[in-house]
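Please keep the sequence and the 3D view open as you read.

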Amino acid sequence: MGFGQYLIGVVLSAVALVPILAGERALRRALAPAFSGAVAWVAGAVLAVALAVLALELVGILGLLHRFGAAAGCALIGLAAWRAGPALAARLPGAAGGACAAAQAGTPEQVGRLEGWVVLVAVGIVTAPWLAWTLFAYAHGMETVDTLWYHLPFAARFTQLGSIVHLQYFDADPVTVFYPADSELLHGLGLALFHSDFLSPLVNLGWGALALAAGWAIGRPFGRGALSLFGVLVVLATPGLVDSQPGGGYNDVVCIALLLAAAAILINARAVAGPEPGPAQLGPASALAAVAAGLALGTKFTMIVPAVLLGVGVVAVSARGQRIRPAAVWLGGLLLLGGYWYLRNWVSAGNPVPSVAIDLGPLSLPAPHVATATFTVSQYV
(Lines give C-alpha, C1' and ligand atoms only; values in the text may rest on other atoms or scores of the structure.)
Protein backbone atom coordinates (compact mmCIF):
# COMPACT_ATOMS: atom_id res chain seq x y z
CA MET A 1 0.00 0.00 0.00
CA GLY A 2 1.50 3.29 -1.11
CA PHE A 3 1.46 6.49 0.93
CA GLY A 4 -1.29 7.96 -1.25
CA GLN A 5 -3.60 4.99 -0.67
CA TYR A 6 -2.82 5.10 3.04
CA LEU A 7 -3.62 8.84 3.24
CA ILE A 8 -6.92 8.36 1.41
CA GLY A 9 -7.79 5.53 3.79
CA VAL A 10 -7.04 7.68 6.84
CA VAL A 11 -9.16 10.58 5.56
CA LEU A 12 -12.09 8.33 4.65
CA SER A 13 -11.80 6.56 8.01
CA ALA A 14 -12.30 9.91 9.72
CA VAL A 15 -15.24 10.69 7.43
CA ALA A 16 -16.83 7.35 8.33
CA LEU A 17 -15.99 6.96 12.00
CA VAL A 18 -16.35 10.47 13.46
CA PRO A 19 -20.12 10.57 12.70
CA ILE A 20 -20.45 6.98 13.97
CA LEU A 21 -18.85 7.97 17.28
CA ALA A 22 -21.02 11.08 17.54
CA GLY A 23 -24.12 9.00 16.80
CA GLU A 24 -23.35 6.32 19.38
CA ARG A 25 -22.71 8.97 22.02
CA ALA A 26 -26.07 10.62 21.34
CA LEU A 27 -27.94 7.31 21.43
CA ARG A 28 -26.15 6.13 24.57
CA ARG A 29 -27.05 9.36 26.38
CA ALA A 30 -30.66 8.83 25.38
CA LEU A 31 -30.93 5.15 26.30
CA ALA A 32 -28.59 4.90 29.29
CA PRO A 33 -27.63 8.34 30.65
CA ALA A 34 -26.79 6.91 34.08
CA PHE A 35 -24.11 4.57 32.76
CA SER A 36 -20.55 5.53 33.64
CA GLY A 37 -17.10 4.01 33.54
CA ALA A 38 -16.63 0.56 32.02
CA VAL A 39 -20.29 -0.11 31.24
CA ALA A 40 -20.54 3.22 29.40
CA TRP A 41 -17.55 2.21 27.27
CA VAL A 42 -19.15 -1.18 26.61
CA ALA A 43 -22.49 0.35 25.62
CA GLY A 44 -20.76 2.90 23.40
CA ALA A 45 -18.68 0.24 21.64
CA VAL A 46 -21.77 -1.91 21.01
CA LEU A 47 -23.65 1.04 19.54
CA ALA A 48 -20.71 2.09 17.35
CA VAL A 49 -20.37 -1.42 15.93
CA ALA A 50 -24.14 -1.64 15.41
CA LEU A 51 -24.25 1.63 13.48
CA ALA A 52 -21.32 0.54 11.30
CA VAL A 53 -22.92 -2.85 10.59
CA LEU A 54 -26.25 -1.24 9.69
CA ALA A 55 -24.50 1.19 7.36
CA LEU A 56 -22.48 -1.54 5.66
CA GLU A 57 -25.53 -3.77 5.27
CA LEU A 58 -27.44 -0.89 3.68
CA VAL A 59 -24.73 0.01 1.16
CA GLY A 60 -24.02 -3.70 0.59
CA ILE A 61 -27.64 -4.39 -0.31
CA LEU A 62 -27.55 -1.42 -2.69
CA GLY A 63 -24.33 -2.68 -4.30
CA LEU A 64 -22.29 0.31 -3.05
CA LEU A 65 -19.92 -1.42 -0.63
CA HIS A 66 -16.78 0.18 -2.03
CA ARG A 67 -14.41 2.81 -0.66
CA PHE A 68 -16.56 5.91 -1.02
CA GLY A 69 -19.89 4.16 -0.62
CA ALA A 70 -18.84 2.59 2.69
CA ALA A 71 -17.52 5.90 4.03
CA ALA A 72 -20.64 7.78 2.92
CA GLY A 73 -22.97 5.12 4.35
CA CYS A 74 -21.27 5.17 7.75
CA ALA A 75 -21.29 8.97 7.79
CA LEU A 76 -24.99 9.17 6.96
CA ILE A 77 -26.03 6.54 9.51
CA GLY A 78 -23.87 8.19 12.17
CA LEU A 79 -25.33 11.63 11.48
CA ALA A 80 -28.86 10.21 11.51
CA ALA A 81 -28.19 8.64 14.93
CA TRP A 82 -26.67 11.91 16.19
CA ARG A 83 -29.79 13.81 15.17
CA ALA A 84 -32.12 11.13 16.52
CA GLY A 85 -30.46 10.90 19.94
CA PRO A 86 -31.90 14.10 21.51
CA ALA A 87 -35.36 13.39 20.10
CA LEU A 88 -35.23 9.87 21.49
CA ALA A 89 -34.14 11.19 24.90
CA ALA A 90 -37.13 13.54 24.92
CA ARG A 91 -39.47 10.62 24.23
CA LEU A 92 -37.92 8.50 26.98
CA PRO A 93 -38.29 10.55 30.18
CA GLY A 94 -37.70 7.38 32.18
CA ALA A 95 -34.22 7.12 30.73
CA ALA A 96 -33.19 10.64 31.64
CA GLY A 97 -35.36 11.53 34.57
CA GLY A 98 -34.81 9.80 37.87
CA ALA A 99 -31.83 7.90 36.53
CA CYS A 100 -29.37 10.55 37.67
CA ALA A 101 -30.35 10.03 41.27
CA ALA A 102 -30.05 6.28 40.87
CA ALA A 103 -26.70 6.61 39.13
CA GLN A 104 -24.95 6.23 42.47
CA ALA A 105 -25.31 2.49 41.90
CA GLY A 106 -23.02 2.89 38.92
CA THR A 107 -20.27 4.91 40.56
CA PRO A 108 -16.77 3.62 39.88
CA GLU A 109 -15.58 0.79 42.07
CA GLN A 110 -12.70 1.69 44.36
CA VAL A 111 -9.70 -0.51 43.62
CA GLY A 112 -6.87 -0.86 46.11
CA ARG A 113 -3.29 -0.26 44.99
CA LEU A 114 -2.28 -3.92 45.39
CA GLU A 115 -5.41 -5.12 43.59
CA GLY A 116 -4.79 -2.63 40.81
CA TRP A 117 -1.24 -3.88 40.30
CA VAL A 118 -2.40 -7.51 40.29
CA VAL A 119 -5.03 -6.70 37.66
CA LEU A 120 -2.49 -4.80 35.56
CA VAL A 121 0.01 -7.65 35.68
CA ALA A 122 -2.63 -10.27 34.87
CA VAL A 123 -3.89 -8.27 31.89
CA GLY A 124 -0.30 -7.84 30.70
CA ILE A 125 0.43 -11.58 30.94
CA VAL A 126 -2.66 -12.49 28.91
CA THR A 127 -2.24 -9.63 26.45
CA ALA A 128 1.40 -10.50 25.64
CA PRO A 129 0.71 -13.58 23.46
CA TRP A 130 -2.20 -11.81 21.78
CA LEU A 131 0.10 -8.95 20.83
CA ALA A 132 2.81 -11.39 19.75
CA TRP A 133 0.48 -13.18 17.33
CA THR A 134 -0.76 -9.84 16.02
CA LEU A 135 2.82 -8.72 15.33
CA PHE A 136 3.48 -12.11 13.70
CA ALA A 137 0.54 -11.48 11.35
CA TYR A 138 2.02 -8.14 10.32
CA ALA A 139 5.47 -9.67 9.81
CA HIS A 140 4.45 -12.87 8.02
CA GLY A 141 0.82 -12.43 7.00
CA MET A 142 -2.34 -13.88 8.49
CA GLU A 143 -1.92 -17.67 8.39
CA THR A 144 -4.70 -19.12 10.57
CA VAL A 145 -6.83 -21.68 8.75
CA ASP A 146 -10.33 -20.23 8.95
CA THR A 147 -9.04 -16.71 8.30
CA LEU A 148 -7.78 -17.83 4.90
CA TRP A 149 -10.61 -20.31 4.34
CA TYR A 150 -13.66 -18.06 4.55
CA HIS A 151 -13.50 -15.16 7.06
CA LEU A 152 -11.40 -12.76 5.02
CA PRO A 153 -12.47 -14.20 1.64
CA PHE A 154 -16.01 -13.22 2.64
CA ALA A 155 -14.82 -9.69 3.42
CA ALA A 156 -12.80 -9.50 0.21
CA ARG A 157 -15.67 -10.65 -1.98
CA PHE A 158 -18.04 -8.18 -0.35
CA THR A 159 -15.75 -5.31 -1.29
CA GLN A 160 -14.84 -6.69 -4.72
CA LEU A 161 -18.50 -7.03 -5.70
CA GLY A 162 -19.68 -4.06 -3.65
CA SER A 163 -22.55 -6.28 -2.56
CA ILE A 164 -23.55 -8.63 0.26
CA VAL A 165 -26.55 -10.06 -1.57
CA HIS A 166 -24.76 -12.87 -3.38
CA LEU A 167 -23.84 -16.22 -1.84
CA GLN A 168 -20.11 -16.93 -1.75
CA TYR A 169 -18.76 -20.46 -2.26
CA PHE A 170 -15.28 -21.37 -1.07
CA ASP A 171 -15.73 -25.16 -1.07
CA ALA A 172 -17.06 -27.85 -3.34
CA ASP A 173 -19.74 -28.29 -0.67
CA PRO A 174 -21.78 -25.41 0.83
CA VAL A 175 -19.99 -25.68 4.17
CA THR A 176 -19.49 -21.97 4.89
CA VAL A 177 -21.63 -20.28 2.28
CA PHE A 178 -24.65 -19.63 4.52
CA TYR A 179 -22.78 -18.41 7.59
CA PRO A 180 -23.80 -15.01 9.06
CA ALA A 181 -21.10 -12.41 8.52
CA ASP A 182 -21.45 -9.31 10.73
CA SER A 183 -17.83 -9.73 11.80
CA GLU A 184 -16.61 -10.05 8.22
CA LEU A 185 -18.46 -6.86 7.33
CA LEU A 186 -16.21 -4.94 9.72
CA HIS A 187 -13.12 -6.45 8.08
CA GLY A 188 -14.71 -5.45 4.79
CA LEU A 189 -14.88 -1.84 5.95
CA GLY A 190 -11.12 -1.79 6.48
CA LEU A 191 -10.55 -3.47 3.13
CA ALA A 192 -12.78 -0.94 1.40
CA LEU A 193 -11.25 2.14 3.00
CA PHE A 194 -7.57 1.17 2.58
CA HIS A 195 -7.79 -1.26 -0.36
CA SER A 196 -5.74 -3.49 1.93
CA ASP A 197 -6.14 -5.82 4.91
CA PHE A 198 -3.97 -3.39 6.90
CA LEU A 199 -6.46 -3.15 9.78
CA SER A 200 -7.64 -6.77 9.94
CA PRO A 201 -4.95 -8.12 12.33
CA LEU A 202 -5.97 -5.47 14.87
CA VAL A 203 -9.70 -6.15 14.87
CA ASN A 204 -9.71 -9.01 17.38
CA LEU A 205 -7.56 -7.01 19.80
CA GLY A 206 -10.46 -4.58 19.95
CA TRP A 207 -12.93 -7.38 20.60
CA GLY A 208 -10.67 -8.74 23.34
CA ALA A 209 -10.58 -5.31 24.96
CA LEU A 210 -14.38 -5.14 24.81
CA ALA A 211 -14.61 -8.55 26.49
CA LEU A 212 -12.35 -7.37 29.33
CA ALA A 213 -14.30 -4.12 29.79
CA ALA A 214 -17.56 -6.09 29.86
CA GLY A 215 -16.09 -8.51 32.38
CA TRP A 216 -15.19 -5.63 34.70
CA ALA A 217 -18.62 -4.05 34.21
CA ILE A 218 -20.42 -7.29 35.11
CA GLY A 219 -18.82 -7.41 38.55
CA ARG A 220 -18.74 -3.68 39.28
CA PRO A 221 -22.25 -3.30 40.77
CA PHE A 222 -21.32 -5.98 43.32
CA GLY A 223 -17.88 -4.57 44.11
CA ARG A 224 -16.29 -7.51 42.25
CA GLY A 225 -15.13 -5.91 39.02
CA ALA A 226 -11.58 -7.22 39.33
CA LEU A 227 -12.78 -10.75 40.11
CA SER A 228 -15.10 -10.92 37.11
CA LEU A 229 -12.32 -9.45 34.95
CA PHE A 230 -10.09 -12.33 36.03
CA GLY A 231 -12.79 -14.76 34.89
CA VAL A 232 -12.67 -13.28 31.38
CA LEU A 233 -8.85 -13.32 31.42
CA VAL A 234 -8.91 -17.06 32.13
CA VAL A 235 -11.08 -17.61 29.05
CA LEU A 236 -8.96 -15.37 26.80
CA ALA A 237 -5.81 -17.15 28.00
CA THR A 238 -6.97 -20.62 26.92
CA PRO A 239 -4.74 -22.16 24.23
CA GLY A 240 -7.61 -22.48 21.77
CA LEU A 241 -8.27 -18.74 21.79
CA VAL A 242 -4.64 -17.61 22.02
CA ASP A 243 -3.67 -19.76 19.02
CA SER A 244 -6.58 -18.75 16.80
CA GLN A 245 -8.07 -15.33 17.61
CA PRO A 246 -5.32 -12.65 17.59
CA GLY A 247 -3.98 -11.41 14.28
CA GLY A 248 -6.68 -12.94 12.10
CA GLY A 249 -10.33 -13.09 11.16
CA TYR A 250 -11.70 -15.68 13.59
CA ASN A 251 -14.93 -14.54 15.27
CA ASP A 252 -15.11 -16.62 18.47
CA VAL A 253 -13.82 -13.69 20.53
CA VAL A 254 -16.41 -11.50 18.82
CA CYS A 255 -19.23 -13.67 20.18
CA ILE A 256 -17.65 -13.84 23.63
CA ALA A 257 -17.31 -10.06 23.78
CA LEU A 258 -20.87 -9.41 22.58
CA LEU A 259 -22.51 -11.88 24.99
CA LEU A 260 -20.51 -10.44 27.88
CA ALA A 261 -21.49 -6.94 26.73
CA ALA A 262 -25.19 -7.87 26.71
CA ALA A 263 -24.89 -9.33 30.21
CA ALA A 264 -22.96 -6.31 31.51
CA ILE A 265 -25.56 -3.88 30.16
CA LEU A 266 -28.46 -5.82 31.67
CA ILE A 267 -26.78 -6.19 35.07
CA ASN A 268 -25.84 -2.52 35.27
CA ALA A 269 -29.26 -1.39 34.03
CA ARG A 270 -30.79 -3.38 36.87
CA ALA A 271 -28.30 -1.97 39.40
CA VAL A 272 -28.88 1.63 38.31
CA ALA A 273 -32.67 1.25 38.41
CA GLY A 274 -32.80 0.33 42.09
CA PRO A 275 -33.78 -2.62 44.26
CA GLU A 276 -37.47 -2.94 43.46
CA PRO A 277 -38.35 -5.66 40.92
CA GLY A 278 -40.42 -4.89 37.87
CA PRO A 279 -40.28 -4.45 34.10
CA ALA A 280 -39.20 -0.81 34.28
CA GLN A 281 -36.03 -1.72 36.15
CA LEU A 282 -34.16 -2.55 32.96
CA GLY A 283 -35.72 0.34 31.09
CA PRO A 284 -34.53 1.65 27.71
CA ALA A 285 -31.00 0.41 28.41
CA SER A 286 -32.21 -3.13 27.76
CA ALA A 287 -32.40 -2.15 24.08
CA LEU A 288 -28.59 -1.85 24.13
CA ALA A 289 -28.34 -5.44 25.35
CA ALA A 290 -30.70 -6.51 22.56
CA VAL A 291 -28.40 -4.79 20.07
CA ALA A 292 -25.38 -6.70 21.43
CA ALA A 293 -27.31 -9.99 21.25
CA GLY A 294 -28.39 -9.17 17.69
CA LEU A 295 -24.79 -8.57 16.64
CA ALA A 296 -23.82 -11.92 18.17
CA LEU A 297 -26.66 -13.61 16.30
CA GLY A 298 -25.38 -12.05 13.07
CA THR A 299 -21.87 -13.31 13.72
CA LYS A 300 -22.23 -17.05 14.30
CA PHE A 301 -24.95 -19.72 14.11
CA THR A 302 -23.97 -20.96 17.56
CA MET A 303 -25.22 -17.68 19.03
CA ILE A 304 -28.86 -18.43 18.15
CA VAL A 305 -29.58 -20.21 21.42
CA PRO A 306 -27.70 -17.80 23.77
CA ALA A 307 -29.24 -14.73 22.11
CA VAL A 308 -32.76 -16.15 22.36
CA LEU A 309 -32.30 -17.38 25.93
CA LEU A 310 -31.07 -13.97 27.08
CA GLY A 311 -34.23 -12.47 25.63
CA VAL A 312 -36.36 -15.10 27.35
CA GLY A 313 -34.67 -14.16 30.63
CA VAL A 314 -35.36 -10.46 30.10
CA VAL A 315 -39.04 -11.19 29.45
CA ALA A 316 -39.25 -13.62 32.38
CA VAL A 317 -38.07 -11.06 34.95
CA SER A 318 -40.60 -8.54 33.69
CA ALA A 319 -43.92 -8.23 35.50
CA ARG A 320 -46.86 -10.22 34.21
CA GLY A 321 -49.01 -8.28 31.82
CA GLN A 322 -46.10 -6.00 30.89
CA ARG A 323 -43.90 -8.38 28.93
CA ILE A 324 -44.87 -7.45 25.39
CA ARG A 325 -42.65 -4.37 25.20
CA PRO A 326 -39.40 -6.03 26.38
CA ALA A 327 -40.15 -9.00 24.11
CA ALA A 328 -40.68 -6.68 21.14
CA VAL A 329 -37.52 -4.72 21.93
CA TRP A 330 -35.43 -7.88 22.15
CA LEU A 331 -36.91 -9.38 18.99
CA GLY A 332 -36.33 -6.08 17.19
CA GLY A 333 -32.66 -6.03 18.22
CA LEU A 334 -32.13 -9.60 17.02
CA LEU A 335 -33.83 -9.00 13.68
CA LEU A 336 -32.29 -5.60 13.00
CA LEU A 337 -28.66 -6.48 13.79
CA GLY A 338 -28.59 -10.18 13.04
CA GLY A 339 -31.55 -10.99 10.85
CA TYR A 340 -30.23 -10.00 7.43
CA TRP A 341 -28.10 -13.10 6.86
CA TYR A 342 -30.93 -15.44 7.85
CA LEU A 343 -33.34 -13.59 5.58
CA ARG A 344 -30.84 -13.82 2.70
CA ASN A 345 -30.53 -17.58 3.30
CA TRP A 346 -34.30 -17.97 3.40
CA VAL A 347 -34.73 -16.13 0.10
CA SER A 348 -31.81 -17.90 -1.58
CA ALA A 349 -32.19 -21.44 -0.23
CA GLY A 350 -35.66 -21.60 1.31
CA ASN A 351 -34.25 -22.05 4.82
CA PRO A 352 -32.89 -19.39 7.22
CA VAL A 353 -30.40 -21.94 8.61
CA PRO A 354 -29.67 -24.27 5.68
CA SER A 355 -27.21 -26.27 7.77
CA VAL A 356 -30.24 -27.75 9.55
CA ALA A 357 -32.86 -29.78 7.69
CA ILE A 358 -36.15 -28.68 9.27
CA ASP A 359 -38.94 -31.23 8.85
CA LEU A 360 -41.78 -30.74 11.36
CA GLY A 361 -45.07 -32.12 10.10
CA PRO A 362 -46.28 -29.93 7.22
CA LEU A 363 -43.27 -27.63 7.63
CA SER A 364 -40.35 -28.87 5.55
CA LEU A 365 -37.40 -26.60 4.74
CA PRO A 366 -34.65 -27.77 2.40
CA ALA A 367 -31.01 -28.23 3.38
CA PRO A 368 -28.26 -28.53 0.74
CA HIS A 369 -26.41 -31.84 0.73
CA VAL A 370 -22.93 -31.64 2.24
CA ALA A 371 -20.52 -34.52 1.61
CA THR A 372 -18.06 -33.26 4.22
CA ALA A 373 -18.15 -35.47 7.31
CA THR A 374 -19.96 -33.99 10.32
CA PHE A 375 -20.06 -35.15 13.92
CA THR A 376 -22.59 -34.96 16.73
CA VAL A 377 -21.85 -33.59 20.17
CA SER A 378 -21.92 -37.12 21.62
CA GLN A 379 -19.33 -38.27 19.08
CA TYR A 380 -17.02 -35.42 20.09
CA VAL A 381 -17.50 -36.28 23.76
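Which residues does Leu229 touch, not counting residues up to four places away in sequence? They are Val119, Val123, Leu212, Gly215 and Trp216, where contact means heavy atoms within 4.5 Å.

## About the model

This is a predicted model, in which local features need pLDDT of at least 70 and side-chain atom pairs count only at pLDDT 80 or more, while totals for chains, interfaces and linings use all residues. Residues are numbered from 1 along each chain as its sequence is written, and side-chain values use heavy atoms, with hydrogens and water left out.

Helices are DSSP runs of H or I with at least four residues, numbered from the N terminus. With a relative accessible area of 6%, Leu229 is buried; buried means under 20% relative accessible area, exposed over 50%, and partly exposed in between, with a 1.4 Å probe and protein chains only. Ala213 is 16 residues from Leu229 along the chain, and their C-alpha atoms are separated by 7.7 Å.

Val232 also lies in H10, which covers residues 225–236. Val232 has 8% relative accessibility and therefore counts as buried. Leaving out residues up to four places away in sequence, Val232 touches Ala211, Leu212, Gly215 and Leu260. Asp182 is 50 residues from Val232 in sequence and 23 Å away in space, C-alpha to C-alpha.

## Two loop residues

Thr144 sits in the loop between helix H6 (113–140) and helix H7 (145–161). Its relative accessibility is 18%, so Thr144 counts as buried. Beyond its neighbours within four places in sequence, Thr144 is in contact with Asp243, Ser244, Gly248 and Tyr250.

His195 is found in the loop between H8 and helix H9 (200–219). At 54% relative accessibility, His195 counts as exposed. Have a look at its backbone too: phi of His195 is near 50°, a positive value in a residue other than glycine.

## Helix H2 and its partners

Two packed helices are described by the angle between their axes and the distance between the axes. Here, axes are lines fitted to C-alpha atoms, for helices over the stretch in contact, and angles run from 0 to 180 degrees between N-to-C directions. Helix H2 (residues 37–61) packs against helix H3 (residues 67–91) at about 130°, with the axes 8 Å apart. H2 and H3 are therefore oblique to each other; angles under 35 degrees count as roughly parallel, over 145 as roughly antiparallel, 65 to 115 as roughly perpendicular and the rest as oblique. From H2 the contact takes Leu51, Ala55, Leu56 and Val59, and from H3 it takes Gly69, Ala70, Gly73, Cys74, Ile77 and Ala81.

H2 also packs with helix H8 (residues 182–194), at about 80° and with axes 10 Å apart. That makes H2 roughly perpendicular to H8. Val49, Ala52, Val53, Leu56 and Glu57 of H2 meet Asp182, Leu185, Leu186 and Leu189 of H8.

## The nonpolar cores

A nonpolar core is a set of buried Ala, Val, Leu, Ile, Met, Phe, Trp, Tyr and Cys residues joined through side-chain atoms within 4.5 Å. The largest has 94 residues, of which Phe35, Trp207 and Leu295 touch the most other members. H2 gives the most to this core, with 16 residues.

A second, separate core has five residues, among them Met142, Leu152, Ala155 and Leu191.
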